[in-house]
Structure formats: C-alpha cells, structure tokens
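Colleague: Hi! Could you walk me through this one? I'd like to talk about its surface and its aromatic rings.

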Amino acid sequence: MSKPITKFGVFFSLIGFLFISLGVSFTTSTQNFIGDALKMNATLARYEMTRSRNSSTIMYTPVFSYVVNGETIETAASYSSSSRSYRPGDSVEVFVSKEDPYKMKVNSFSALWMIPIIFSGLGSLLTLIGSGILVHVYRSSMKAKKLIASGVPISAPIVDMVEDQTIKD
C-alpha cells in the first residue's frame, strides 16, 4: 500500500485519540464539578437573546436565579438554544460551585454530558476508521510479502520493450 494511505490512517487515529482524550477530560471535569457542588433549585429569571452576525437565528441563553448563603445570585447558563426549554418562573434543579457560587450547571443530561459524549463518540469513530485503514495496509503488505516469499517464480522470454514517451519526469 502507498504511504499517503498509511499517513491518512495515522492522522485519523491521532485525531481520534485527541478527541477521546478531550471527551475523558470533559467527563472528569463534569464529575468533579458535580461531586463538589451544591444541588439546589433555581428559578428561570429570563432569557438573554443574541443574534449571530451571519444568521437570522435568535439564540436564547437562560438566566437562573438562586439563593446561596442568603445572597440572591443570577447566572447565565453555559449554553444557548434556538428554542426555549423553560418558561420564566420555572423551577430547575442546578449544581452550584461551593467555591464560586456564580459557577452553575443545569442538572440535565444534555447540559452535563452532551459535550463529553460528542467528543468521545467522534473520537472513537475517527480512531476506528484510522485503525481500520492501518490494519488494511498492514494486512496488504503482509500478503504481498507472503506471496513474494512463497510464490512460484515464472520464467518467460522478453518479447518486446518500448519506451513510454507520455511519462514525464
């Protein structure tokens, strides 16, 4: 097999491992945050609306209000969406950092685990593709070596020899 295909397989595998590493890092970070955080109910105070420069799509970022040590804190979620999942006044379960009460994560599967799943899943897929390419290249080279080592040599007379003028250096 050719070297570009091998390089392609190595590239896919390395990018896959990088994405898996990021997915594991995000998972660990989320687990550590949840393990050290206070679990409480927050109230959706409002939505902050933003519009991207290149698009007419309006994105909504939920802003939550909750009380920590007698102080009312308002914090925007770390995500935005083109739809509104909650209505103002809705009660939502959140995790709040003990060290910094302005750091908060909504207790929902997508808010906590979507990024780790995307990175880990995409990394796994890229690693499988890259590994599959490398296994194919390895098997093909082993097959060629085996045929050369165990093949039957054939003797044949040279009938004609012509220089190909269409190939340029």
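Modeller: Happy to; we can start with the surface and then turn to the rings. Keep in mind that this is a predicted model.

Colleague: Great. Which residues make the nonpolar surface patch?

Modeller: The patch is made by L18, L22, F26, F109, M114, I115, I117 and I118, and its area is about 700 Å². Two elements give two or more residues to the patch: α1 (3–36) and α2 (109–150).

Colleague: And which element gives the most?

Modeller: That would be α2, with 5 residues.

Colleague: What about F26, where is it found?

Modeller: F26 is found in helix α1. F26 has a relative accessible area of 32%, so F26 counts as partly exposed. A residue in a patch needs over 30% relative accessible area, and F26 has 32%.

Colleague: Okay, on to the rings. How many aromatic pairs are there?

Modeller: The count comes to 6 aromatic pairs. Take F8 and F12: their ring centres are 4.6 Å apart and their planes are at 45 degrees, so this pair is tilted.

Colleague: Why does that make it tilted?

Modeller: Planes under 30 degrees apart count as stacked and those over 60 as edge-to-face, with the rest as tilted. The planes of F8 and F12 are at 45 degrees, so the pair is tilted.

Colleague: Where do F8 and F12 lie?

Modeller: Both lie in helix α1, 4 residues apart, which is about one turn of the helix. Ring pairs also link F8 and F12 with F11 into a cluster.

Colleague: Are they buried or partly exposed?

Modeller: F19 is partly exposed, with a relative accessible area of 22%. F119 counts as partly exposed too, at 22% relative accessibility. Buried means under 20%.

Colleague: Last topic, charges. Which residue lies over the face of Y47?

Modeller: R84 does, at 5.9 Å from the ring centre.

Colleague: And what sits over the ring of F33?

Modeller: The charged end of K105 sits there, 5.5 Å from the centre of the F33 ring.

How values were computed: Residues numbered from 1 in each chain as written. Predicted model: local features only at pLDDT ≥ 70, side-chain atom pairs only at ≥ 80, totals over all residues. Heavy atoms only, no water. Patch = residues over 30% accessible without salt bridge, like charges linked within 9 Å, V, L, I, M, F, W, Y side chains within 5 Å. Areas by Shrake-Rupley, 256 points an atom, 1.4 Å probe, with all protein chains shown as cover. Salt bridge = Lys/Arg side-chain N within 4 Å of Asp/Glu carboxyl O. Buried < 20%, exposed > 50% of the residue type's maximum accessible area, 1.4 Å probe, protein only. Phe/Tyr/Trp six-rings, centres within 6.5 Å; stacked < 30°, edge-to-face > 60°. Lys NZ or Arg CZ within 6 Å of the ring centre and 35° of its normal.
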